[in-house]
Amino acid sequence: AKALAQQSSTCFLVRLSEYTTAMASGEEKAQIQVGTPGFDARFPNTNQTKNCWQNYVDFFACVKAKEAKQESAGVCDWYSRRYKSFCPKSWVDDWDSQREAGSFPGV
């Protein structure tokens, strides 16, 4: 499991907008390495709904804690990549609007 975690940490996800930006900036070949997050022992089952929810909540809790300490929230990107991989976009859009309205139950 440790080797798998190390392997998955080397993978990163690239959004389509970042790819098109790279292509538009004149780069001949944009190098893209696409991967999915590795195994997380907290969520051993195939249903990844809780994994999605927990990583979404953890990301914004991490950002909130880092902003309170006036530190860079860059370390929180790990959670961001995971929830963007696991969560359907419609869920994230709903949760984002709930957070903006102050009615999100998670953070």
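Me: Happy to start with one contact. What makes the pair N55 and N51 a polar contact?

Reply: Good place to begin, and keep in mind that this is a predicted model. The side chains of N55 and N51 come to 2.4 Å in a polar contact. The cut-off for such a pair of N or O atoms is 3.5 Å, and the value given for N55 and N51 is 2.4 Å, so the distance meets the definition.

Me: Why is N55 called buried?

Reply: Buried means under 20% relative accessible area. N55 has 0% relative accessibility, so it counts as buried. This residue belongs to helix α3. Setting aside neighbours within four places in sequence, N55 is in contact with R42, W78, Y79, R82 and Y83.

Me: And what makes P105 exposed?

Reply: Here the cut-off is over 50%. P105 has a relative accessible area of 68%, so it is exposed. You will find P105 in the segment after α5. Not counting residues up to four places away in sequence, P105 touches W53 and Q98. P105 and V57 are 48 residues apart in sequence, with 9.5 Å between their C-alpha atoms.

Me: Which residues of α4 are buried, and how do you know that they line one face of the helix?

Reply: In α4, residues 77-86, the buried ones are S80, R82 and Y83. Viewed down the axis of α4, the buried residues fall within an arc of 170 degrees, so they line one face. Their cover includes α3 (49-68) and α5 (89-101).

Me: Why are α3 and α4 described as roughly antiparallel?

Reply: Two packed helices are described by the angle between their axes and the distance between the axes. For α3 and α4, the axes come within 8 Å and cross at roughly 150 degrees. Angles over 145 count as roughly antiparallel, so α3 is roughly antiparallel to α4. The contact involves N51, C52, N55, Y56, D58, F59, F60 and C62 of α3, which meet W78, Y79, S80, R82, Y83 and F86 of α4. The crossing is left-handed.

Me: How do α3 and α5 cross, and what residues meet there?

Reply: The axes of α3 and α5 come within 12 Å and cross at roughly 35 degrees. This crossing is right-handed. From α3, T49, C52, W53, Y56 and F60 meet W91, V92, W95, D96 and R99 of α5.

Note on methods. Residues numbered from 1 in each chain as written. Predicted model: local features only at pLDDT ≥ 70, side-chain atom pairs only at ≥ 80, totals over all residues. Heavy atoms only, no water. Buried < 20%, exposed > 50% of the residue type's maximum accessible area, 1.4 Å probe, protein only. Helix = DSSP H or I, 4+ residues; strand = E, 2+ residues; numbered from the N terminus. Arc of directions from axis to C-beta. Contact = heavy atoms within 4.5 Å. Polar contact = N/O pair within 3.5 Å; in protein donor to acceptor, adjacent residues only side chain to side chain. Axes fitted to C-alpha atoms, helices over the stretch in contact; angles between N-to-C directions. Parallel < 35°, antiparallel > 145°, perpendicular 65-115°, else oblique. Left-handed = near helix turned anticlockwise from the far one by under 90°.
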